[in-house]
Each structure stands twice: as C-alpha cells, then as structure tokens.
Amino acid sequence: MSYLVLARKWRPRRFQDLLGQDHVAVTLRNAITSGRVAHAFLFSGVRGVGKTSAARILSMALHCAASDGPTPDPCGRCEPCTRIMSSSCVDVQEIDGASNNSVDDVRSLRETVAYRPSSCRVKVYIIDEVHMLSQSAFNALLKTLEEPPPHVKFIFATTEPHRIPITILSRCQTFDFRKIPAALIEQQIAAILKEEGITMEPDAVGVVAREAAGSMRDGLSLLDQIIAAYGKTV
C-alpha cells in the first residue's frame, strides 16, 4: 500500500479545521446558514494555507447528503463528501489553471456549465492558480461568471491576486487567507505527532514550525522528511 503523506492525511475536512483562517470559516458558515452563498469566490494567499481545502469543504457543505440542504457542518462520511475529498465527484471539477489556461479551455468549460448536475445539488468549478489564465481566457469567462446558471458555483484559488483582471475580481467574493502563525503550526504538529505515535523534542517541533514560514503544508512536508531520516524518535 502506498504511503499517504502527512499533508494529505491531515488535510482539513471541516471549516473549524482551517488553521488560522477563522475570518474565512466564520463568514462561509454564516453564508451557508443564511442561504446567502455567492456564485463566485476568490481564495487568495500564499501556498499551503488552506485555499484548496476550503474550496473542497465549501463544496462538501453544499452537497452533504446527511442534510436536506446546504449545511455549515458537512458530515465528511456520505458519498458526496467522500467523493469530493478524493477529487472524484463529477459535479465538482477541480481544474488546474496553469495547464488549462487557453481560451479554448474556457470555451469548453462554458459548454458544460449549461448542463445541470448529474447527482449533486449544484455544479462547482474549482480553478486553482487561476491567475495563470490568459487574458483571452479571462475575457471568455467574464459573461459566464457575471450571470451563471443558478446551479453553478465558481471557486478560484490563487497565490497572485494582483494578476487577476479587476473585471473578474469585481464579480467574486474575495477571501484573503493569512499566513498561519508559528504557534498554531507548532500546536498542530504536536497534535499530529501524538496521533501518529512519534516522539519529538519540543524544541525540534518549534524549529519545524518556524521553518514552515506560515505554510502548514510546508511544515508537514518538512516533518515527513525528518521522520524519514530519524524514525519515530526525533
């Protein structure tokens, strides 16, 4: 069986698990509770702070089968939730903006937007690194983004929001993800080590948290490397 790296194994699955992003979690939960979920979102911030995870959690919240409608607390166990977390849900498409950045790619996307979801409540398009789209691609997306069908949601993620045209930005609800404080990363790493049955000196945990530089994913990638080198006692 292949090894699942810590960054994937311990990926957030609930809004309250989004480390250091309480301002995002509270707003999205309130939007779902009040039925005021926008049709387009932009999640911006440095790498490894939870943007794509938040997009998946929002998708789960919209589709969770354990509730009669959108819920701020998706169960994470029903078929829609598990499919979304494994990136295998046909109605939640994750698109890499770096490799699907041409106007033809966006035109193909626009053709699928008109069709209703096959099994879920809505169709969700998650476009990662959306700033990599060409100017022509952004222009082709503009009208669809402004007036999408009621069964479609767009979630964009980017590390470089300044590269996105203002015409696109003005049609999205923007959420700025902050760098995660070292103290929170240290607490999370300590909790993960306990669950994984690994002993690590507190000072060493602090070093990993500082070297993460605000990115939980970078911290867990470094932790994986350290465990590979030193075993279960570090």
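Predicted model: local features only at pLDDT ≥ 70, side-chain atom pairs only at ≥ 80, totals over all residues.
Residues are numbered from 1 along each chain as its sequence is written, and side-chain values use heavy atoms, with hydrogens and water left out.

Helices and strands here are DSSP runs, numbered from the N terminus, with at least four residues of H or I for a helix and at least two of E for a strand. Strand β1 covers residues 40–44, and five of its five residues are buried, where buried means under 20% relative accessible area and exposed over 50%, with partly exposed in between, for a 1.4 Å probe and protein chains only. In a regular strand the side chains alternate between the two faces of the sheet. In β1, Ala 40, Leu 42 and Ser 44 point one way, whereas Phe 41 and Phe 43 point the other way.

Two strands count as paired if DSSP finds at least two bridges between them. Strand β1 pairs in the parallel sense with β4, residues 152–158, over five bridges, and Leu 42 stands opposite Phe 156 in β4. Strand β1 also pairs in the parallel sense with β5, residues 173–176, over four bridges, and there Phe 43 stands opposite Phe 175.

Coming back to Ser 44, this residue counts as buried at 3% relative accessibility. With neighbours within four places in sequence left aside, Ser 44 is in contact (heavy atoms within 4.5 Å) with Lys 51, Thr 158, Pro 161, Phe 175, Asp 176 and Phe 177.

Let me move to helix α9, residues 202–211, where Val 205, Gly 206, Val 208 and Ala 209 are buried. Why do they lie on the same side of α9? They do so because they cover an arc of only 160° around the axis, the arc being that of the directions from the helix axis to the C-beta atoms. The buried residues of α9 pack against α8 (182–196) and α10, while the face turned away from the buried side carries the exposed residues Asp 203, Arg 210 and Glu 211.

Finally, the pockets. A pocket is defined on a 1 Å grid over the protein atoms alone, as an open set of points where a 1.4 Å probe fits, with protein on both sides within 12 Å along at least five of seven lines, and its lining residues have an atom within 4 Å of a point. The largest pocket holds about 650 Å³ of space, a volume being the space filled by probe spheres set on the grid points, which are joined across faces, edges and corners. Its lining has 28 residues, of which Ala 7, Arg 11, Pro 12, Gly 50 and Ser 53 lie nearest the centre. Helix α3 gives the most to this lining, with four residues.

The second largest pocket has a volume of about 160 Å³, and its lining consists of Leu 4, Arg 8, Arg 11, Arg 13, Arg 56, Met 85 and Ser 86.
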